[in-house]
Each structure stands twice: as structure tokens, then as C-alpha cells.
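Here is a friendly briefing to read alongside the model. Please take a look at the structure first, then walk through the notes below.

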Amino acid sequence: MKQPEASIAIQTLPGVGGEDVIRIVDCVISYIRSTGLAMHVGPFETTVEGDFDTLMGIVREAQLICIREGAESVASYVKIFYNPSAGVWSIDKKISKHQE
């Protein structure tokens, strides 16, 4: 299996109040899951690995989903690690030893 060339961690914060935040974030997570890429949902961000262009498309779509779902605005915090020549370590390699 080819090693992914990039990984991102994205935290999306739709500009809505109350429980709508959770509903909209769940829509974003569902979309990310539908891409079929390796991912890990944490309490503050979701990490995804794959090719750079696909990941940047996911970042874009996450914003649009929030707006379509009723947010007037959206703030996202994105961490990107990109290494096209050597690839990046997989999510599993980085966290499996810490899983209970």
C-alpha cells in the first residue's frame, strides 16, 4: 500500500449556537468518512491522510457543508503535514500504541 503524501488535522467551528454545532460538525465528519480515506476523529479535530489535492478539497468542502447546513460563518483550524517524496507516517503508526 502506498504511503500517504500528506495528513491534515481539521477543526471546523460553524457559526451557530447550541446543539446545532454538534449536528453540523457531525455532517462534516460524515462527509470525511464518505471519502474512504484513513481518518481519526478526536474530541477537537479530525485527522485525515491521503494525497495533498484531495485533502485540500476536503478542507474546502468542510466549509461549504457548514454553510449549506445553516451556519452564517465557519472558522476552521487546519494543520497540514506534506511530504510528497517520502510520504507521512500513517495515523495508525502514530497513535495505535496509545489506544486502549
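In which helix does Tyr31 lie? Tyr31 belongs to helix 1, residues 20-34, where a helix is a DSSP run of H or I with at least four residues, a strand is a run of E with at least two, and both are numbered from the N terminus. This is a predicted model, in which local features need pLDDT of at least 70, side-chain atom pairs count only at pLDDT 80 or more, and totals for chains, interfaces and linings use all residues. Residues are numbered from 1 along each chain as its sequence is written, and side-chain values use heavy atoms, with hydrogens and water left out.

**Around Tyr31**
- Tyr31 counts as partly exposed because its relative accessibility is 24%, between the limits for buried (under 20%) and exposed (over 50%), with a 1.4 Å probe and protein chains only.
- Leaving aside neighbours within four places in sequence, Tyr31 is in contact with Gly57, Ile58, Glu61 and Ile65; contact means heavy atoms within 4.5 Å.
- Tyr31 and Glu61 are 30 residues apart along the chain, and their C-alpha atoms are separated by 8.6 Å.

**Helix 1 and helix 2**
- The axes of helix 1 and helix 2 (residues 52-68) come within 9 Å and cross at roughly 145°; axes are lines fitted to C-alpha atoms over the stretch in contact, and angles run from 0 to 180 degrees between N-to-C directions.
- On the helix 1 side, the contact is made by Ile24, Cys27, Val28, Tyr31 and Ile32.
- Helix 2 contributes Gly57, Ile58, Glu61, Ala62, Ile65 and Cys66 to the contact.
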